[in-house]
Amino acid sequence: MDNKTFWNLASHIYTPFQERRHRKLYSSMAALIAPLIDKSARVLEIGCGTGQLTAQLGANCAEWVATDFSPKMVGQTRKRLHSVDNITFRTEDATSLTCADGEFEVVVIANVLHIIPEPAKALAEIARVLRPGGLLIAPTFIYDGHENRRQLQLMQLAGFRTYHRWSPDDYRSFIIANGFLPRQQHLIPASPLSNCLLIATHPE
């Protein structure tokens with residue numbers, strides 16, 4: 001089963017699964033992210049899933065563009081949040097965005113980079129669509145020695161794939177190596193993997 005097929009199939013159960021098992025995680029992330037997004041900002045969200053962060057943050061800026069490479073994930077987010085005027089929905093590949101150069105003040109890519117085969121390509125695209133000095137908000141699941149291996153094995157049997165197993169330090173180094181300047185880093189305990197919420201800026 002390829003990645004897109006897996007996430008299209010998962011879209012129908014993703015909302016109750018994530019928001020039951022990871023409610024505290026997403027609330028913690030949203031609380032840390034919300035003060036960083038200006039009311040006048042144009043925000044691109046890459047990997048919106050079924051709207052876990054979109055629902056909590058999307059209405060708090062001038063424009064929020066919610067994208068995912070799974071059209072069925074985007075469809076679920078649209079179904080939940082279609083009535084929020086400033087949110088638009090698109091199917092996008094993180095490694096080949098259709099957005100214009102410098103189009104956004106903020107890019108949010110939550111829990112995505114570790115499941116992309118070539119995450120450096122995604123960061124290159126993010127650098128392209130961010131204005132100079134723009135903000136990258138990039139939480140992702142990491143390996144910090146507290147993994148729930150049984151849960152991970154069950155997820156892998158279901159078709160879930162992780163391409164990158166970063167420690168918090170490795171993840172920070174990866175972001176730096178791809179041209180971004182880290183400003184904040186928060187480790188949020190979760191299961192089966194902890195979450196590293198990294199906030200960085202695009203160089204001027």
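Strand E4 (residues 104-109) is mostly covered, with five of its six residues buried, where buried means under 20% relative accessible area, exposed over 50% and partly exposed in between (1.4 Å probe, protein chains only). The model is predicted, so to speak of local features requires pLDDT of at least 70, while side-chain atom pairs count only at pLDDT 80 or more, and totals for chains, interfaces and linings use all residues. Residues are numbered from 1 along each chain as its sequence is written, and side-chain values use heavy atoms, with hydrogens and water left out.

**Strand E4 and its partners**

- Strand E1 (residues 42-46) runs parallel to E4 and is joined to it by four bridges, two strands being paired if DSSP finds at least two bridges between them.
- Within this pairing, Val 43 has Val 106 in E4 as its bridge partner.
- E4 also pairs in the parallel sense with strand E5 (residues 130-142), again over four bridges, and here Val 108 stands opposite Ile 137 in E5.
- From E4 the chain crosses through helix H5 (residues 119-129) to E5 in a right-handed β-α-β crossover, a term that applies if, with the strands pointing away from the viewer, the path from the first strand over the helix to the second runs clockwise.

**Nonpolar cores**

- The largest nonpolar core has 31 residues, and those with the most contacts inside it are Ile 33, Ile 37, Val 43, Leu 53, Trp 64, Val 108 and Ile 137; such a core is a set of buried Ala, Val, Leu, Ile, Met, Phe, Trp, Tyr and Cys residues joined through side-chain atoms within 4.5 Å.
- Two or more residues of this core come from each of several elements, including strand E2 (63-68), helix H4 (71-81), E4 and E5, while H2 gives the most, with five residues.
- Leaving aside its neighbours within four places in sequence, Ile 137 is in contact (heavy atoms within 4.5 Å) with residues including Ile 33, Leu 36, Val 108 and Leu 198.

**The chain as a whole**

- The chain has seven helices and seven strands, which are DSSP runs (helices H or I, at least four residues; strands E, at least two) numbered from the N terminus.
- Of its 204 residues, 51% count as buried.
- Among contacts between residues at least 6 apart in sequence, 68% join residues at least 24 apart.
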